[in-house]
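Please keep the structure open while reading.

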Amino acid sequence: MLSERSKPLEGKINYYVLVAISLLVLLFVIANSFEPQIDSQLDFFELVYLMSSAAPVILCFVIAKRYWGSKVFGKTYLALGIAFLLGHIGDELFQYYQLAGISNPYPYYSDIFFASFFPFAFYHLYRNIRLYKPKLENKEKILIVAIPGTITLVYAFALLTPVSVPGGVPDLMSEVLWIGDRPFKLIPATGDEGVSDSYQRIIVDDTTYYLVPMNLTGLVGYEQVYDKNATVDLVPVVISNFTIGETPPYDQTFWNGFYMGMYYSATTTTLLSWNLIGVRTFRKTVLGNPWGLLVTGMGIGTLANIIYYYTSIFSYDRTSPILGLWILGNWIVCYALYLHRKQL
């Protein structure tokens, strides 16, 4: 009987399939960027994403059943299936709260499932990598510490340290501007961007901006929508010294989100480190292409998580290209699992 290390699982990758997946995701991203986000509506793009996060669950459980007689593979695929299932439940809950108009705090119930994804996914990677690589190289050990440590420290520094910009507004208009305890976003007042004239305006160095209230999950429930009946003071506010990224109030809500974000940053970057090691490891084994492709798909999803935490963890934007990265990672994982299934 063949040992688990020598089972002939290598399958040939059809690169036309990968090109087709990439092109479809690119078209998805382009079309998604033009379709307005309506929180109370489950649109086509959100439905595609939910289906893409559910597909790996089914395939993982199918592979786990086939591998169940082995000492490692059955358990690791079951763990991976559980990981994707937990992530999918988190997606479903997040979508439900959005459709129901529930202004949930951060972290919330959906984060229980999102956070639980990582231990199971890590178990899958760790057990399979150590099966073929019992001893890590020194540079790999450094990688495991350096990537999570550096990125998580930068994340903490970015949240805790305000950035002052005297004399004008920088290009970082995606940053949150805190006025008192209320978060806002700057939108250039060009007159044709569709932003309501009922918003307060500010003038900085002869340039006019709209001060648009943000809908930050878990902090303040201000919707970024136009209210034609709104009555506000439209007298422009002239600012000579402007501070962007002013320190928000460090209340318990902030610290809850801060610690949750630290956990997400540390776990996703650790998973990314092991993904990189996995690509190098499986490339040299009989597992070959299918497993390398599986790790690549997981790595793309992990990279999308990291980008999300650094750019929009306090606000959800369905039109962001990050959604396409998650779908791309899930589809590549599905194709890798199909190759595994085909070899059995």
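## Basis of the model

This is a predicted model, in which local features need pLDDT of at least 70 and side-chain atom pairs count only at pLDDT 80 or more, while totals for chains, interfaces and linings use all residues. Residues are numbered from 1 along each chain as its sequence is written, and side-chain values use heavy atoms, with hydrogens and water left out.

## The nonpolar cores

A nonpolar core is a set of buried Ala, Val, Leu, Ile, Met, Phe, Trp, Tyr and Cys residues joined through side-chain atoms within 4.5 Å. Buried means under 20% relative accessible area, exposed means over 50%, and partly exposed lies in between (1.4 Å probe, protein chains only). The largest such core has 59 residues, and Tyr77, Leu293 and Leu294 have the most contacts inside it. Among the elements that give two or more residues to this core are helix 1 (15-34), helix 7 (288-311) and helix 8 (322-343). Helix 8 gives the most, with 11 residues. Helices (H or I, at least four residues) are DSSP runs, numbered from the N terminus.

Contact means heavy atoms within 4.5 Å. Apart from neighbours within four places in sequence, Leu293 touches Ile13, Leu18, Ile332, Tyr335, Ala336 and Leu339. A second, separate core has 5 residues, including Leu186, Ile202, Tyr209 and Leu211.

## A buried alanine

Ala304 is found in helix 7. Is Ala304 buried or exposed? Its relative accessible area is 0%, so Ala304 is buried. Leaving aside neighbours within four places in sequence, Ala304 is in contact with Ile322, Leu325 and Trp326. Ala304 and Leu325 are 21 residues apart in sequence, and their C-alpha atoms are 5.8 Å apart in space.

## Aromatic pairs

Rings of Phe, Tyr and Trp (its six-membered ring) pair if their centres lie within 6.5 Å; planes under 30 degrees apart count as stacked, over 60 as edge-to-face and the rest as tilted. The structure holds 23 aromatic pairs. In one of them, Phe122 and Trp274 are edge-to-face, at 5.7 Å centre to centre and 85 degrees between the planes. Phe122 lies in helix 4 and Trp274 in helix 6, so this pair ties together parts that are 152 residues apart in sequence. Trp274 is buried at 5% relative accessibility, whereas Phe122 is partly exposed at 29%.

Tyr126 and Trp274 also form a pair: the ring centres are 5.4 Å apart and the planes are at 70 degrees, so the pair is edge-to-face. Tyr126 is partly exposed, with a relative accessible area of 32%. Elsewhere, Phe84, Phe117, Phe118, Tyr263 and Tyr264 form one aromatic cluster.
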